[in-house]
Amino acid sequence: MLRAMDSPPPPASATRWLIPLLVLVAVAAGVAVGRTLFAEDRPAVADAAPSLLDAAPPELQGELAAPFAVELLGGGEFSLEEHLREDGRPVFLNLWASWCIPCRREFPAIDAAAARHPGTYFIGVAVQDDPVAAENFAEEMGVSFPLAIDESGSVENAYPAFGLPVSFIISGDGVILRQLFGEVDEAMIDAELATWFGG
C-alpha cells in the first residue's frame, strides 16, 4: 500500500522520450548562449566584407602600363619607362613567387619562349615573397630571362591580381595588351605574341 507522500514511478514509455527531450533542451540553450556571447565579435551579415570569390581581378587590358623599376637578380636595374623609351621592344611581364607551384611549372616554358622571341623583352618579378626564398628559387630554376624581386611592393600594387602566376603583355608604346591569369605554356605564349606582334 502506497503512502500519500510516495508517488508511483513514471511509466517506461515516459522515460524513453524524457531523456532525449532534456538533451535537446540543453543543446538549444547552449546554442543560444553561444550566439549571445560571440555576437559582438561578428559583423552583421550586411556589414561583412565581400568574399574574394565574388570579386573579379582588375581589368587592365587597354590601360597604360604603370611605370616601375626593380633591381635585377643578376645585377643592374630594369625600368619599364626607360626600357620603352630606349629599347622599344614589347614586354612580357611575369609575376611569380617561390612558394607558387604553377610558377615553378611554367618557368621552363617562359624561358624557352623568351629564347624563341628575341623581339620581346621577358622579365619575371617575384611578388609576395621572401627575398632569400625568391633568390634561392631563381638560382634553382636557372632561367636565362631576367628576374627581379618586388621588395617595395610597387609592382604588385601597380599590377594587382588575386593569384599567381599572372603575366602581362605590354606593347612597345606602353599599353597593356593582355593579362594572362594562371599557368602559361609555350604554345600559349607563342599564340599570344603572334596575335599581337605577328610572326
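1. A pocket, as used here, is an open set of grid points where a 1.4 Å probe fits, with protein on both sides within 12 Å along at least five of seven lines, and its lining residues have an atom within 4 Å of a point. Please keep in mind that this is a predicted model. In it, the largest pocket is lined by Ala 69, Val 70, Glu 71, Leu 72, Leu 73, Glu 135, Ile 149, Asp 150, Glu 151 and Ser 152.

2. Strand S1 supplies the largest share of the lining, three residues. Sorted by class, the lining residues are five nonpolar, four charged and one polar.

3. Now to the aromatic rings, where the count comes to nine pairs. One of them joins Phe 68 and Phe 78: the ring centres are 5.9 Å apart and the planes meet at 50°, so this pair counts as tilted. Phe 68 sits in the loop between helix H1 (12–38) and strand S1 (69–71), while Phe 78 belongs to strand S2 (residues 77–79); the two are ten residues apart, and their pair links distant parts of the chain. Both Phe 68 and Phe 78 are buried.

4. Phe 78 has a further partner in Tyr 121, and here the rings are stacked, with 4.9 Å from centre to centre and 5° between the planes. This pair also links distant parts of the chain, since Phe 78 lies in strand S2 and Tyr 121 in strand S4 (residues 121–126), 43 residues apart. Tyr 121 is buried, as is Phe 78.

5. The largest nonpolar core has 48 residues, and Tyr 159 is one of the three that touch the most other members, along with Leu 93 and Leu 95. Setting aside residues up to four places away in sequence, Tyr 159 touches Leu 60, Ala 65, Ala 66, Phe 68, Leu 80, Leu 93, Leu 95, Phe 168, Ile 170 and Ile 176.

6. Finally, a look at Ser 98, which is found in the loop between strand S3 (91–96) and helix H3 (101–116). Is Ser 98 buried or exposed? Its relative accessibility is 17%, and buried means under 20%, so Ser 98 counts as buried. Apart from neighbours within four places in sequence, Ser 98 is in contact with Asp 129, Ala 133, Ala 134 and Phe 137.

Note on methods. Residues numbered from 1 in each chain as written. Predicted model: local features only at pLDDT ≥ 70, side-chain atom pairs only at ≥ 80, totals over all residues. Heavy atoms only, no water. Phe/Tyr/Trp six-rings, centres within 6.5 Å; stacked < 30°, edge-to-face > 60°. Helix = DSSP H or I, 4+ residues; strand = E, 2+ residues; numbered from the N terminus. Buried < 20%, exposed > 50% of the residue type's maximum accessible area, 1.4 Å probe, protein only. Core = buried A, V, L, I, M, F, W, Y, C linked by side-chain atoms within 4.5 Å. Contact = heavy atoms within 4.5 Å. 1 Å grid on protein atoms, 1.4 Å probe; cavity = no way out; pocket = protein on both sides within 12 Å on 5 of 7 lines; lining within 4 Å. Nonpolar A, V, L, I, M, F, W, Y, C, P; charged D, E, K, R; others polar.
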